Amino acid sequence: RFYPEYSVANCDKQYDQCLKAKGHGITIKTFFHLAKEAGIDVRSNPVNESPKEPRPFAPWPVYEEKDTDAEEEPLVLPNLPESVFAELPEFLARVVSIAGTRDERDVLLLGAITVLGACMPNMYGIYDGNKVFPNLYLFVTSKASAGKGRLNCCLSLAMPVHYSLRKESNRLQQEYENKLREYNVERLKDPGIEKPEKPPEKMLLIPANCSATGMFQLLAENNGQGLIFETEGDTLAMTFKSDHGNYSDGYRKGFHHERISYYRRTDHELKQIDKPRISTVLGGTYKQVAALIPDAENGLMSRFIFYYMNVKFAWKDVFSPALDNGIEDHFEKLGFEYFKLYEALKESDAIRFCFTPKQKLEFNAFFAQIQEKYLTLQGSDYLATIRRLGLIAFRTAMILNALRIMETGDFSQTQECQDVDFYASLAMIKVLIRHSSHVFTQLQGESKPAHKKNKKELFFEALPERFSRQEFVALAKTLSVTERTADNYIKGFCDKELIERIQHNEYLKKSD
């Protein structure tokens, strides 16, 4: 169902042809064989092969009922659509070109966007009346061995920026030490001579396992900018749990560039960061997500882009892609190419990114529809996630626009979003909100065991494009939903215009 060109009618027609093949050509055995190779167990969905009786509706993806205490999750979550990759900025197209699977490609794109957004000086936009910058929080989660290690490649894109800042820091430190030696000699002659001030510690990449004061001090010394990149999310989670390292409050403020204040005991000085610009890339298992964000009401939940990687059971071709010097060399070269844009942006005047009037209308209509849908499926607790995804979409479009400067050379002080980047960011949100919803449901299960599964959402997502009452009742049974509850769900969906009753006993599910 998640294939962009999926058609209920065509799929049903092909399925009927498989059943009637009688052992020749593409048969039902072929279907089961391909499903098995893809790691999908369809045995829990028996199919009535008699053409005289209606076939029970088998939803996709398949949900296996194991036991009441086990974690339940869909075998497949949707990938970013092909339309997003069709017209990417040329630089990003080269970033994702080495991906071996669609999940890898998605992770490389999201990781690259987040990392590059951390080092785009002088780029900003106005969103909801506030000045915002292209900083994002990303958490890629999956079971072990799903391939989230590919995320590491994205860090190479920003390392030349980090190295340049460290080089500058070392130079300033050397100058400081020289001045300090001169000071120690001169103060004997002139006790009133002023002691040289210690230089800032310049860097882009900030370690997650800092103390709270250390974290904020590093941010302050880098004009409020920093990137936290950890492929094991529990590194940050363990830091938050320690008394000296819990900077989660400032971390939440950093997403919206809100002022952060902290006290330096060494200098007896109150410091503040007026416009913090923090970017974050984390990877880890679901348990590591829960360790960082203990419940669905935690404010960090709505600030992150979540992407759940599907586990592939087929053996991966370990010799693809065929690069002359390996993937690391490929990304290092891309990093040095991006560094040229970073230097140019640093020297340019501030560039304001904005939507066109038409895009603003479409943006508001899109998120109004998304909000209505997920308030129905998840309730008001999910509202913060929906609204912050609007800001995430705006920032994503800003980053895509900035990367096109590498092709156009246009450093105009006001830049309107290209339609291709506008629609790409919305298409990404359609998928990412599904991934966030999955994580939200799981976190609700942690904090409210009685509501471990959001069957309402599972039921809605499994509904085909066109269906009858008999079909949705059959679907409800596979999810252990009573017939009466299913009727109430359908009535609610109709009231919210998520589905339409087109005639007696026939319904149409509206597309996003």
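# Helices, rings and loops in a predicted chain

α13 passes α14 in a right-handed crossing. That is our starting point in this model, which is predicted. Two packed helices are described by the angle between their axes and the distance between the axes. For α13 and α14 (residues 383-403), the axes come within 10 Å and cross at roughly 155°. An angle over 145 degrees counts as roughly antiparallel. So α13 is roughly antiparallel to α14.

Which residues of α13 and α14 make the contact? From α13 come F363, F367, I370, Q371, Y374 and L375. From α14 come L383, I386, R387, L389, G390 and A393. Sort them by class, and the contact of α13 with α14 has nine nonpolar, two polar and one charged residues.

Now step back to the whole chain. It has 512 residues, and buried residues make up 49% of them. The chain has 19 helices and 13 strands. Take the contacts between residues at least 6 apart in sequence: 73% of these join residues at least 24 apart.

Return to α13, which spans residues 357-378. Helix α17 also packs against α13. The axes of α13 and α17 come within 8 Å and cross at roughly 130°. That angle makes α13 and α17 oblique to each other. On the α13 side, the contact uses K373, Y374, T376, L377 and Q378. On the α17 side, it uses K456, E457, F460 and E461. By class, the contact of α13 with α17 has three nonpolar, two polar and four charged residues.

Next, look at the aromatic rings. How many aromatic pairs does the structure hold? There are 29. One of them joins F459 and F472, with ring centres 6.4 Å apart and ring planes at 85°. Planes over 60 degrees apart count as edge-to-face, so this pair of F459 and F472 is edge-to-face. The pair links distant parts of the chain. F459 is in helix α17 (residues 455-462), F472 is in helix α18, and they are 13 residues apart.

Y127, F353, F355, F363, F366, F367, F394, F422 and Y423 form it.

Helix α18 covers residues 469-478, and helix α19 covers residues 483-495. Their axes lie 9 Å apart, at an angle of about 120°. The two helices are therefore oblique to each other. The crossing of α18 and α19 is right-handed. R469, F472, V473 and A476 stand on the α18 side of the contact. They meet E483, A486, D487 and I490 in α19. These residues divide into five nonpolar, no polar and three charged.

Between α18 and α19 runs a loop, and S480 sits in that loop. Most residues other than glycine have a negative phi. S480 is not a glycine, yet its phi is positive, at about 60°. With a relative accessible area of 48%, S480 is partly exposed.

Where is N505 found? It is in the loop between β12 (499-503) and β13 (506-509). N505 is not a glycine, but it has a positive phi of about 65°. Its relative accessible area is 27%, so N505 is partly exposed.

Finish with a strand residue. Y124 is found in strand β1 (residues 123-127). Buried means under 20% relative accessible area. Y124 has 17%, so Y124 is buried. What does Y124 touch, leaving aside its neighbours within four places in sequence? It is in contact with K131, V132, F133, A350, I351, R352, F353 and M398. F353 is also one of the residues in the aromatic cluster. The C-alpha atoms of Y124 and N135 are separated by 10.0 Å, and these two residues are eleven residues apart along the chain.

Key: Residues are numbered from 1 along each chain as its sequence is written. This is a predicted model: local features need pLDDT of at least 70, side-chain atom pairs count only at pLDDT 80 or more; totals for chains, interfaces and linings use all residues. Side-chain values use heavy atoms; hydrogens and water are left out. Axes are lines fitted to C-alpha atoms, for helices over the stretch in contact, and angles run from 0 to 180 degrees between N-to-C directions. Helices (H or I, at least four residues) and strands (E, at least two) are DSSP runs, numbered from the N terminus. Angles under 35 degrees count as roughly parallel, over 145 as roughly antiparallel, 65 to 115 as roughly perpendicular and the rest as oblique. A crossing is left-handed if the near helix is turned anticlockwise from the far one by less than a right angle, and right-handed if clockwise. Contact means heavy atoms within 4.5 Å. Ala, Val, Leu, Ile, Met, Phe, Trp, Tyr, Cys and Pro count as nonpolar, Asp, Glu, Lys and Arg as charged, and the others, Gly among them, as polar. Buried means under 20% relative accessible area, exposed over 50%, partly exposed in between (1.4 Å probe, protein chains only). Rings of Phe, Tyr and Trp (its six-membered ring) pair if their centres lie within 6.5 Å; planes under 30 degrees apart count as stacked, over 60 as edge-to-face and the rest as tilted.
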